[in-house]
Amino acid sequence: MSLLSINKSGNVITLIFHNPAVLAAVGGLTLCGFHSVVRSLANSVGLTFKKSRIGANEKGWASATRPEDFRDWGGALLKWITDYRENCRDIHVISRVEPNYLQKGLPTSAPTVGEGWQSIMSDLDSKILPGLTHWEASNRFFAYFKPHASYPAVLGEMLCAGLNVMGFDWIASPACTELEVVTLDWLGQFLNLPDKFLGSSEGPGGGVIQGSAGESATVVLLAAAVRKQKAQSERTKMVVYVSDQTHAIAQKATMILGIRCRVVKTSIENRFEMQAADLEAAIEEDVKNGLCPIAAVATTGTTSSCAFDPLVPIAAVCKKRDLWVHVDAAYGGAYACLDKYREKFEGLEEVDSFCVNCHKKLLCPFDIAALYVANRRPILDALSLQPEYLRNAHSESGAVVDFEHWQMPLGRRFRSLKLWFVMRRFGTEGLRFHVQNGCDLADYFADLVEKDEELEISVPVSLSLVCFRWKGRGEEDQQRLLDAVKATGEAFVIHTKLDGRIVIRVACGGVEQTKEDVLGCYNVISRELRRIK
Ligand code: PLP
């Protein structure tokens, strides 16, 4: 085994000491000028000199726990991520691997002796990369809702893992709890939410970070159920109202909680908005049949077409029967920062809870959903337990917030760091620009669709989403077009069904997304349509 090796990568030359004894010896030599001799030699031929204790082939427990290992390879990984994100712009956007490709490509059991980073990193390129669909490819990814994990938020995520505090109660890490309160208040103000949702307000409301909009819906519907249970109603008789456009998370929450879910139908004539009169009729019918309505879920920005349920009349109907109104604003909530959408959020004063995903339009990587409640009490009643080992003077004083009682798990990550980094690094101006940019790009794409005699817009454009069809063609052709576009790998778009008919959804927006990117997406669709016509 060699004791010392020299690595040259680009114009950086690294001396790698494979044995601590050699390092110590060279350390001695360094005192005698070895270090500077090598550096000046390297410099004279235009190279940069770097000394490293990390052997490329170093393995095992000891090296994996060394700070240098983390520092050096952490740097390498950051570079890998940056290179990936630059390069994924122009590669086949949807993964083409066959099912089980990785089970076939990786050993069937874990290595007994820890491996060197170099071989792990090499598998990242050869094994993992081919199995990725490139969500960060801002010029090719138009599927679902275009997310964007901005660089500041990725760093926040890294810091969260590096600090690894478990902020379940205040004393578990005061900064974790308090930064969450502060950043959620910042976000609430940015989105023009009513004061009652802010932690700094006088009332019993406030915000809390949950993992997802689905978790948030489960928590608030549980609170709504527990609230009614006090009035002696059985779970199996409880009903939650959603529309046929509500995301499946709401129905899933009712499945978990063992309560009923009633779907209120919407129509294209009402632009797929839940009608308060239909909701009221459903509630009254259920009451007559001995059931117990407990909550309604309204959506501001539905997944299929970005429809907005009218909050004012829905809240008024729910108030009559004391139903909890939850607003699923997972995607659309971010647009509350724009004046032009302000009226779509009218009625928030009257609702009980509101959830917006920071991991959708707000530049954070999954998972960070901001859940705001007008009154924390029902959630605390539903989820508070205080085992002996968690008792502490601060909690007992009542002067602090213990977020463990606002959520399902006990442990909680320091997730507010990524939102804090985003809000500080971009500022509200930057964030608003990003949200507005998505709308502008969608308008531009819609314009291209409108000018194309082969295509037709299916519903008025809302937020950053455009829904359209191949004009005059049946369902089979819509599917053929979708398949053809996806097969190119040049654009990833998905479909939904509106009024029983397939429509193609193009979700615009992404920090680096430009008009050229959107035009590129349109060109692929137009070209493929004419090819398969
Ligand atoms: N609600 C709406 C309106 C959505 O569009 C989505 C996802 O796109 C969700 C909920 C699901 O969000 P999560 O994965 O955070 O549960």
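Predicted model: local features only at pLDDT ≥ 70, side-chain atom pairs only at ≥ 80, totals over all residues.
Residues are numbered from 1 along each chain as its sequence is written, and side-chain values use heavy atoms, with hydrogens and water left out.

**The ligand and its shell**

Around the ligand there are 13 residues, of which Ala213, Gly214, Thr303, Asp328 and Asn357 come nearest (a residue is near if one of its heavy atoms lies within 4 Å). By class, this shell holds 4 nonpolar, 7 polar and 2 charged residues; Ala, Val, Leu, Ile, Met, Phe, Trp, Tyr, Cys and Pro count as nonpolar, Asp, Glu, Lys and Arg as charged, and the others, Gly among them, as polar.

| Protein atom | Ligand atom | Distance |
|---|---|---|
| Ala213, polar backbone atom | oxygen | 2.8 Å |
| Thr303, polar side-chain atom | oxygen | 2.9 Å |
| Asn357, side-chain N or O atom | oxygen | 2.9 Å |

On its own the ligand has 400 Å² of accessible area, and the protein covers 84% of that area (Shrake-Rupley method, 1.4 Å probe).

**The largest pocket**

The ligand sits in the largest pocket, where sitting requires that more than half of its atoms lie within 2 Å of the pocket's grid points. A pocket is an open set of points on a 1 Å grid over the protein atoms alone, where a 1.4 Å probe fits, with protein on both sides within 12 Å along at least five of seven lines; lining residues have an atom within 4 Å of a point. About 1200 Å³ of space lies in this pocket, and its lining has 47 residues, with Trp135, Glu136, Ala149, Pro365 and Phe366 nearest the centre. The lining divides into 28 nonpolar, 12 polar and 7 charged residues, and its largest share, 11 residues, comes from α4.

**Two points of the backbone**

Most residues other than glycine have a negative phi, and most peptide bonds are trans. Asn100, however, has a positive phi of about 70° although it is not a glycine, and the peptide bond from Phe366 to Asp367 is cis, with omega near 10°.

Conventions. Polar contact = N/O pair within 3.5 Å; in protein donor to acceptor, adjacent residues only side chain to side chain. Points joined across faces, edges and corners; volume = space filled by probe spheres on them. Helix = DSSP H or I, 4+ residues; strand = E, 2+ residues; numbered from the N terminus.
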